[in-house]
Amino acid sequence: MIFACQGISKAFGEEIIVKNGSFHIEEHEKAALVGINGAGKTTIFKMIVGELSPDSGNIVLTKGKTLGYLAQHQDMMSEGSIYDEVKTAKAGLIAMEQQIRTIELEMKHLSGEELEKRMDTYHRLVTAFENANGYAYESEIAGVLKGLGFTEEDFGKRVDTLSGGQKTRVSLGKLLLTRPDILLLDEPTNHLDLNSIAWLETYLLNYPGAVLIVSHDRYFLNRVVTKIVEIENGELMTYMGNYGAYAEKKQMLREARLKEYLNQQQEIKHQEAVIEKLRSFNREKSIRRAESREKLLEKIKPVEKPIELHTEIHLKLEPSIVSGNDVLAVEHLSKAFPPQILFTDVNFEIKRGEHVAIIGDNGTGKTTLLKILNQVLPADAGCFRLGTNVRIGYYDQEHHVLHMDKTIFDEISDDYPSLTGTQIRNMLAAFLFTGDDVFKLIGDLSGGERGRVSLAKLMLSEANFLILDEPTNHLDITSKEILEKALNDYSGTVLYVSHDRYFINQTATRILDLVNQTFVNYIGNYDYYLEKKDELTAACTGAPFGSAACDSSDNDNSKTLSSSKLSWQEQKEAQARERKRQNDLKRTEERISSLEARSSEIDGLMTQEDIYTNSVKCQELAKEKADIETALEGLYEAWEELAE
């Protein structure tokens with residue numbers, strides 16, 4: 001064991017954060033601390049690093065072990081460069097290297113016993129320097145910075161000129177390079193693009209120390225951790241396995257607890273009914289028996305009702321107007337912020353009902369594309385067309401559509417005056433605003449809470465084409481799951497930018513990867529994208545940048561270069577063939593059902609006296625049944641082929 005929380009408690013006034021909670025982390029273990037927003041995860045981290053003190057209990061770090069902490073927000077005001085700031089993580093090695101060089105110069109002028117002593121010191125330092133991988137520390141710094149999304153051109157930028165997200169990445173790089181025995185990382189994937197997140201996953205999996213992570217990135221947790229520590233209603237519970245195993249185990253435990261609770265409630269109601277009946281007899285013996293049962297009932301230890309899951313809320317979204325089949329057509333679109341070219345001569349289409357995710361590195365132009373489509377920014381060249389009856393609903397990261405001086409309730413009711421108070425409360429409850437929460441001011445909300453209000457407004461609009469920019473940013477896992485269910489049930493069209501791979505996997509039917517100033521098209525979810533990424537990227541980006549978005553489909557023939565660049569016409573034909581197959585399959589099933597029903601009907605007729613005594617009628621029915629059996633044989637074979 002490298003670290004442990006033993007019976008810790010913490011409260012702020014009447015608000016209990018954690019009560020008598022315990023967990024531990026073993027050496028080399030990778031674990032996660034999970035819970036809804038506001039559950040107390042960051043508070044526990046601050047207690048571990050000593051920024052806050054527990055009201056009771058102990059936090060123990062094994063003697064001689066070092067601890068490193070990455071907070072969510074960084075306030076770095078250094079005037080030095082990114083490289084110099086991160087290089088301070090190797091200050092001890094750099095000092096050792098300077099000492100080695102100094103001794104090398106000194107030894108030229110020494111002899112005898114003094115030289116021997118200096119040689120001993122020199123060999124000891126060189127050995128320690130080599131063991132600490134000292135000769136490679138510069139390449140290690142460069143590798144970490146590049147892994148976190150910085151280019152060599154960025155290395156010289158001053159830290160105090162960086163955005164908050166960039167400063168967080170600098171802090172993370174610096175922390176990783178110090179190599180503490182246990183890493184505490186609070187939302188480390190925030191501000192990282194997909195490639196950087198994948199790099200961080202690999203880095204942490206190979207990290208020799210222990211890691212404790214707070215993150216809402218379920219894909220990341222599934223890849224990295226082997227233990228989940230959950231904080232819920234002030235209680236700490238440990239589950240072995242990754243996030244998927246935890247979610248499954250938690251659901252099983254909840255179902256078992258709910259079953260136990262319902263069984264007990266049923267038994268209590270039964271006993272109360274028996275007691276009431278015994279008392280109604282109004283006899284001495286019956287009253288004594290009722291009193292005896294009451295005493296037994298009082299001794300029953302009540303099973304606490306499991307907490308209601310917000311994910312059980314079913315948010316049904318239906319656009320009020322159905323759009324045409326052609327929702328969006330982008331033709332020869334280009335955009336640059338000189339000297340940087342984002343994308344050039346891009347062409348793609350989106351059809352009704354598609355859920356399309358746009359992915360790509362930070363700064364490649366994903367959000368810019370959404371702003372062009374929403375007419376917030378102009379394109380440099382090219383155009384886009386919206387289809388018949390298309391109504392756009394736009395969700396931006398900055399939540400510009402919200403009024404900071406309004407309450408949540410007023411924000412909804414002022415925009416949708418036809419809604420009743422109950423309807424507004426139901427919609428807000430679906431986004432986890434209940435009770436007096438609905439009267440909070442927008443200006444007092446966190447980023448995640450504002451995001452949920454914006455999403456609630458969007459879902460109430462008449463939009464049938466949702467354009468979403470990072471919709472899961474700042475949302476906790478419960479909120480993400482609600483949004484996933486809502487979008488999966490949504491019959492309209494969705495185009496969104498996201499770095500949340502789990503969310504993409506759950507909701508996308510198609511992916512557009514913005515790479516090398518063009519879009520590579522994958523007809524599938526994130527797992528499919530990973531499977532085809534190298535093949536399609538090489539095929540598409542080898543073509544001139546002006547080519548249309550490259551395509552990938554589930555057809556086995558997509559392994560060839562020609563089919564990996566399917567034209568939209570070819571995709572339409574493929575979709576038409578699939579619709580025909582589905583229709584043929586349905587018709588075949590209906591024909592089989594009809595003939596089987598007639599065959600059963602003939603069997604019934606043959607048992608009737610007026611039929612089996614009529615030889616002519618019998619022969620007719622026998623021939624019809626034989627024909628049916630022959631027809632069914634062929635239909636079964638056809639069905640199998642269509643089903644394949």
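Trainee: What does Glu 140 form a salt bridge with?
Mentor: With Lys 90; the closest N and O atoms are 3.3 Å apart. A salt bridge here is a side-chain nitrogen of Lys or Arg within 4 Å of a carboxyl oxygen of Asp or Glu. This is a predicted model, where local features need pLDDT of at least 70, side-chain atom pairs count only at pLDDT 80 or more, and totals for chains, interfaces and linings use all residues. Residues are numbered from 1 along each chain as its sequence is written, and side-chain values use heavy atoms, with hydrogens and water left out.

Trainee: Are Glu 140 and Lys 90 buried or exposed?
Mentor: Both are buried. Buried means under 20% relative accessible area, exposed over 50%, and partly exposed in between, with a 1.4 Å probe and protein chains only.

Trainee: And Lys 146, what is its salt-bridge partner?
Mentor: Glu 152, with the closest N and O atoms 2.7 Å apart. Lys 146 is partly exposed at 41% relative accessible area. Glu 152 is exposed, at 52%.

Trainee: Which helix holds both Glu 601 and Arg 598?
Mentor: Helix α18 (residues 568-605); they lie three residues apart, about one turn of the helix. An α-helix has 3.6 residues a turn, so residues three or four places apart point the same way. Glu 601 counts as partly exposed at 45%, and Arg 598 does too, at 24%.

Trainee: How many salt bridges does the structure hold?
Mentor: 37. Glu 201, Asp 217, Arg 223 and Arg 501 are linked in a network of them.

Trainee: New topic. What is the strand order in the open sheet?
Mentor: β5-β6-β7-β3-β8-β9, six strands with mixed pairing. Two strands pair if DSSP finds at least two bridges between them. β5 (67-70) and β9 (235-240) stand at the edges, each with a single partner strand, so one side of each has no neighbour in the sheet.

Trainee: In which sense do β8 and β9 pair?
Mentor: Antiparallel, over six bridges, with β8 covering residues 227-232. Glu 230 has Met 237 in β9 as its bridge partner.

Trainee: Which strands does helix α6 touch?
Mentor: α6 (residues 164-178) packs on the sheet and touches β5 and β6 (182-186). Contact means heavy atoms within 4.5 Å. The direction of α6 makes about 170 degrees with that of β5. Axes are lines fitted to C-alpha atoms, for helices over the stretch in contact, and angles run from 0 to 180 degrees between N-to-C directions.

Trainee: Which residues touch the most other members in the largest nonpolar core?
Mentor: Leu 185, Leu 204 and Ile 213, out of 52 residues. Such a core is a set of buried Ala, Val, Leu, Ile, Met, Phe, Trp, Tyr and Cys residues joined through side-chain atoms within 4.5 Å. α3 gives the most to this core, with six residues. Apart from it lies another core, of 44 residues, including Phe 431 and Tyr 529.

Trainee: Last one. How many residues of α11 are buried?
Mentor: Six of eight, in residues 366-373. Among them are Lys 366, Leu 369 and Ile 372. Just after α11, Gln 375 takes a positive phi of about 60 degrees.

Terms used
Helix = DSSP H or I, 4+ residues; strand = E, 2+ residues; numbered from the N terminus.
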